Amino acid sequence: QNELGSDMISLMGFDSGGLPGEADIGIFVQMALAKKALRIPFLLSGGVATGSQLAAALALGAAGVQIGTRFNATKECNKFPDTFKDRMVNAGYRDTVIVMKPFKASSRVLKNRDAMEMLRIERDRGKDVTFQDIGRLAKFDRLIEGMEQNNPDLGIWNCGQSVALIEDIPTCKELVDRIISEAFDSIDNINPLFQKSAL
């Protein structure tokens, strides 16, 4: 990336919503490798929803974080209706799945009815599965229909594992202020642990 003239890159970990890549590498390992290899700033992307995670990312060498899923559950987000946001608030740490892996187009999505049906087809068809087998479920038009009908089970939608950390639907300002405050608190809590030994 440095040779291509990039000013900054975003590292997407395995817990990221959308397209986490095909290597299934966690963000902690990616960050350590990036710190060694890159000469340009990088962002941590995937699984981030709290200020303590921001502080951890900075400690690992990132210039900041890229947050997607958490902002989908804010008051200003007009992409998803309240039924989708409520589903995110009630989701746990096992409520996302990866679909379309047989096509090397892995996508982490919320575990809903259509996502589970897609996984069933992929499992049952095995190595013989084709995109035509699951295409109707993957169509963006189907998700649009689900949003219009306030039905979070109709269509597949990108969702990171950070959905497990969503407990409310704040404004964007409230969320950003909270993340910054939590980051400062986390740093304050860590500082006493790193005192030089008198020995």
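Helices, of at least four residues, and strands, of at least two, are DSSP runs numbered from the N terminus. In these terms, Ile25 lies in the loop between strand 1 and helix 1, the latter covering residues 27-37. The model described here is predicted.

The position of Ile25 was examined in more detail. Is this residue buried, exposed or partly exposed? Buried means under 20% relative accessible area, and exposed means over 50%. Ile25 has a relative accessibility of 35%, so the residue counts as partly exposed. Leaving aside residues up to four places away in sequence, Ile25 touches Gly13, Phe14 and Gln30. Met12 is 13 residues from Ile25 along the chain. The C-alpha atoms of these two residues are separated by 9.2 Å.

Three strands make up an open sheet, in the order 1-2-3, with parallel pairing. Strand 1 (9-12) and strand 3 (64-66) stand at the edges. Each has a single partner strand, so one side of each is left without a neighbour in the sheet. From one strand to the next, the twist averages 40 degrees. Strands of a sheet pair through backbone hydrogen bonds, either parallel or antiparallel. Strand 2 spans residues 42-45 and pairs with strand 1 in the parallel sense. This pairing runs over 4 bridges. Within the sheet, Leu11 stands opposite Leu44 in strand 2.

The wider fold was then considered. The protein chain contains 8 helices and 5 strands. Along the sequence, these elements follow the pattern β-α-β-α-β-α-α-β-β-α-α-α-α.

Overall dimensions and surface were computed for the protein chain. Taken along the principal axes, the C-alpha atoms fill a box of roughly 65 × 40 × 35 Å. The protein chain has 199 residues, of which 41% count as buried.

The protein chain carries 24 positive and 26 negative side chains. The centres of the two sets lie 5 Å apart.

Notes. Residues are numbered from 1 along each chain as its sequence is written. This is a predicted model: local features need pLDDT of at least 70, side-chain atom pairs count only at pLDDT 80 or more; totals for chains, interfaces and linings use all residues. Side-chain values use heavy atoms; hydrogens and water are left out. Two strands pair if DSSP finds at least two bridges between them. Axes are lines fitted to C-alpha atoms, for helices over the stretch in contact, and angles run from 0 to 180 degrees between N-to-C directions. Buried means under 20% relative accessible area, exposed over 50%, partly exposed in between (1.4 Å probe, protein chains only). Lys and Arg count as positive and Asp and Glu as negative; His and the chain ends are not counted. The place of a charge is taken as NZ of Lys, CZ of Arg, CG of Asp or CD of Glu. Contact means heavy atoms within 4.5 Å.
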